[in-house]
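Please consult the sequence and the coordinates alongside the text.

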Amino acid sequence: AKGIYPVTENFDIFGKLGGAYFSQSEKDWGDDQWKTTRSSVAPLIGFGLGYHFTPAFGMSLEYNGVVLTDSYQNSHDDDSGTGTIGLTSINASYYF
């Protein structure tokens with residue numbers, strides 16, 4: 001889900017909530033087979049700024065993060081605690 005708050009006619013801020021499925025694979029040196037070692041569903045959060053140059057074209061700067069929980073960390077390795085896998089991006093959008 002994405003909530004958008006228009007600050008001006010062309011400028012807005014937004015926040016996102018959702019879920020993400022991810023898996024991690026590894027391969028031993030000299031081995032041809034990939035092995036899936038982790039897979040999980042985790043909460044996804046995001047926020048950003050958007051600017052609309054025209055009604056059909058806009059750009060945004062945003063951050064999206066997948067939140068790893070204690071249960072995911074403790075079930076897969078000896079580390080405890082939480083963490084976030086994040087991505088910051090600049091996007092262009094064309095609306096038709």
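The sections below treat the basis of the model, an aspartate and its surroundings, and the aromatic rings.

## Basis

The model is predicted, so local features require pLDDT of at least 70 and side-chain atom pairs pLDDT 80 or more, while totals for chains, interfaces and linings use all residues. Residues are numbered from 1 along each chain as its sequence is written, and side-chain values use heavy atoms, without hydrogens and water.

D12 belongs to strand β2 (residues 11-26); strands are DSSP runs of E of at least two residues, numbered from the N terminus. D12 is buried and lacks a salt bridge, with the nearest side chain of opposite charge, K2, 6.6 Å away. Buried means under 20% relative accessible area, exposed over 50% and partly exposed in between, with a 1.4 Å probe and protein chains only. A salt bridge places a side-chain nitrogen of Lys or Arg within 4 Å of a carboxyl oxygen of Asp or Glu.

The D12 side chain has a polar contact with the side chain of H52, at 2.8 Å (N or O atoms within 3.5 Å, one able to donate a hydrogen and the other to accept it).

## Aromatic rings

Four aromatic pairs are counted (ring centres within 6.5 Å; stacked under 30 degrees, edge-to-face over 60, the rest tilted). The F47 and Y63 ring centres are 5.6 Å apart with planes at 40°, so this pair is tilted. F47 lies in strand β3 (residues 35-52) and Y63 in strand β4 (residues 57-68), 16 residues apart. Y63 is partly exposed, at 24% relative accessibility.

The rings of F53 and F57 are stacked, because their centres are 5.7 Å apart and their planes at 25°. Together with Y51, F53 and F57 form one aromatic cluster.

Methods. Helix = DSSP H or I, 4+ residues; strand = E, 2+ residues; numbered from the N terminus. Lys, Arg positive; Asp, Glu negative; His and termini not counted. Phe/Tyr/Trp six-rings, centres within 6.5 Å; stacked < 30°, edge-to-face > 60°.
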